[in-house]
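Q: I am new to this structure. Please walk me through it, one feature at a time.

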Amino acid sequence: MGIKIIGTGSYTPEKVLTNSELEKMVETNDEWITSRTGIKERRIAEDDEATVGMGTKAAKKALDMAETSPEDIDLIIYATVTPDQPLPSNACLIQKNLNAKNAACFDFQAACSGFIYGLEIASSMMKFNTRYKNVLLLGGEKLSAITDWTDRGTCILFGDAAGAVVLTKTIENKDTLISSTMYADGTHFDLLEIQGGGSLHPITEDNINDHTHCIKMAGNKVFKLAVNAMVKSSKEAMEIAHVTPAEIKWLIPHQANMRIMTAVAERLGFAVEKVPVNLDKHGNTSAASIILSLDEYVRDGKISKGDKVLLTAFGGGMTWGACVLEW
Ligand code: UT7
């Protein structure tokens with residue numbers, strides 16, 4: 001038995017927010033945003049659209065590619081820090097929307113590392129339990145809903161999107177996920193956090209006025225940790241998979257900052273041409289960002305059977321990791 005990814009899908013909202021529009025909202029400019037981050041624009045979901053709606057659209061595309069019926073999905077896992085509501089899980093609402101009535105469902109969050117964590121979680125569960133033959137794994141965020149639109153240090157960074165993949169058990173004794181590393185360091189919890197809205201600081205008028213329900217980030221400190229962690233975990237993932245950078249067709253890092261992506265590529269010995277970029281058009285979409293590129297490259301035929309791909313991410317927690325896929 002092997003576990004293969006047989007379908008990918010993604011969705012981004014129609015509405016575009018450009019750097020020049022942000023210039024009218026906070027004291028910033030296109031030159032600063034472009035040179036410091038690589039972001040030119042990002043997509044913003046409508047008021048009545050959130051991670052379940054976006055995820056449902058991405059999942060339908062992934063299921064179509066996989067030629068798998070929702071009824072044959074045994075497990076739905078959704079990685080997000082912006083679920084539609086605290087209860088029930090996004091995964092249960094996706095199940096309802098798709099009529100995937102035979103699926104067990106849960107959400108988890110590992111922030112921007114959600115897809116890396118999710119692949120290992122899904123694969124481990126499929127190996128452990130014969131019940132899970134087909135799994136739908138989603139990563140999606142409506143970060144615009146938790147962005148402080150008065151904070152120029154963060155509001156220029158984020159965008160909304162969702163992605164999905166379908167994993168299935170095959171008779172071929174080969175897995176798509178050939179190595180995986182997952183790490184975390186909770187001592188740096190306060191470098192990237194949303195303090196309000198949980199059970200310690202429930203929603204009150206005061207903390208809404210203080211924007212405690214919004215993302216806060218010490219960007220510079222996160223930047224330094226991100227590069228080192230992504231490089232180290234990527235090296236480990238390649239070592240476990242017994243592959244060199246030369247054997248890897250694409251390095252798909254989480255898309256948080258072009259300077260981070262370039263530094264990681266350089267330190268790992270990858271030419272920047274081997275790094276797909278969606279950050280310029282979508283900003284940082286957290287758990288969705290890697291799937292957006294994966295889906296685009298699979299659909300364009302840039303990733304095909306036998307190709308090896310290295311994924312790596314870093315995010316709030318702090319969490320990070322890397323994995324090697326063989327398509
Ligand atoms: O996805 C999860 C992981 N997240 C990340 O990996 C993000 C990591 N961090 C970053 O991408 C970068 O640190 C940022 C893009 C967030 C910030 O870039 P930076 O080069 O680290 O800038 P900085 O925070 O050190 O700020 C430099 C200057 C400051 O002014 P002074 O103190 O030098 O006068 C800021 O106030 O730039 C100023 N600044 C801005 N100026 C214009 C900060 N934000 C802006 C802005 N427009 N939007």
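Q: Which element gives the largest share of the shell around the ligand?

A: The largest share comes from α7, with 4 residues. Helices (H or I, at least four residues) and strands (E, at least two) are DSSP runs, numbered from the N terminus. This is a predicted model: local features need pLDDT of at least 70, side-chain atom pairs count only at pLDDT 80 or more, and totals for chains, interfaces and linings use all residues. Residues are numbered from 1 along each chain as its sequence is written, and side-chain values use heavy atoms, with hydrogens and water left out.

Q: Which elements each supply at least two residues of that shell?

A: They are α2 (30-37), α7 (219-241), α8 (258-268) and β12 (308-315).

Q: How many residues surround the ligand, and which are the closest?

A: A residue is near a molecule if one of its heavy atoms lies within 4 Å of it. Here 24 residues surround the ligand. The closest are Thr-28, Arg-36, Asn-220, Asn-257 and Asn-284.

Q: How do the shell residues divide into nonpolar, polar and charged?

A: Ala, Val, Leu, Ile, Met, Phe, Trp, Tyr, Cys and Pro count as nonpolar; Asp, Glu, Lys and Arg count as charged; the others, Gly among them, are polar. The shell has 11 nonpolar, 9 polar and 4 charged residues.

Q: Which polar side-chain atoms lie by an oxygen atom of the ligand?

A: A polar contact is a pair of N or O atoms within 3.5 Å. Asn-220 places a polar side-chain atom 2.5 Å from a ligand oxygen. For Arg-152 the distance to a ligand oxygen is 2.9 Å. For Arg-259 it is also 2.9 Å. The protein covers 73% of the 960 Å² of accessible area (Shrake-Rupley method, 1.4 Å probe) that the ligand has on its own.

Q: What domains is the chain divided into?

A: Domain bounds come from an automatic or database domain assignment. They give domain 1 (2-170) and domain 2 (177-326). Their C-alpha centres lie 14 Å apart. The ligand shell draws at least three residues from each domain.

Q: What area is buried between domain 1 and domain 2?

A: The size of an interface is often given as the accessible area lost when the parts come together. With a 1.4 Å probe, summed over both parts, the buried area is about 3,800 Å². Carbon and sulfur atoms give 65% of it. Cys-112, Ile-116 and Tyr-117 supply 18% of the area that domain 1 buries against domain 2, more than any other three residues.

Q: Which peptide bonds are cis, and where?

A: Most peptide bonds are trans, and most residues other than glycine have a negative phi. Leu-87 to Pro-88 is cis, with omega near 0°. Pro-88 sits in the loop between β4 (75-79) and α4 (90-98). Gly-317 to Met-318 is also cis, with omega near -5°. Met-318 lies in the loop between β12 and β13 (319-326).

Q: What is phi of Glu-67?

A: Phi of Glu-67 is near 50°, a positive value. Glu-67 is in the loop between α3 (51-66) and β4.

Conventions. Polar contact = N/O pair within 3.5 Å; in protein donor to acceptor, adjacent residues only side chain to side chain. Buried area = accessible area lost by both parts, 1.4 Å probe.
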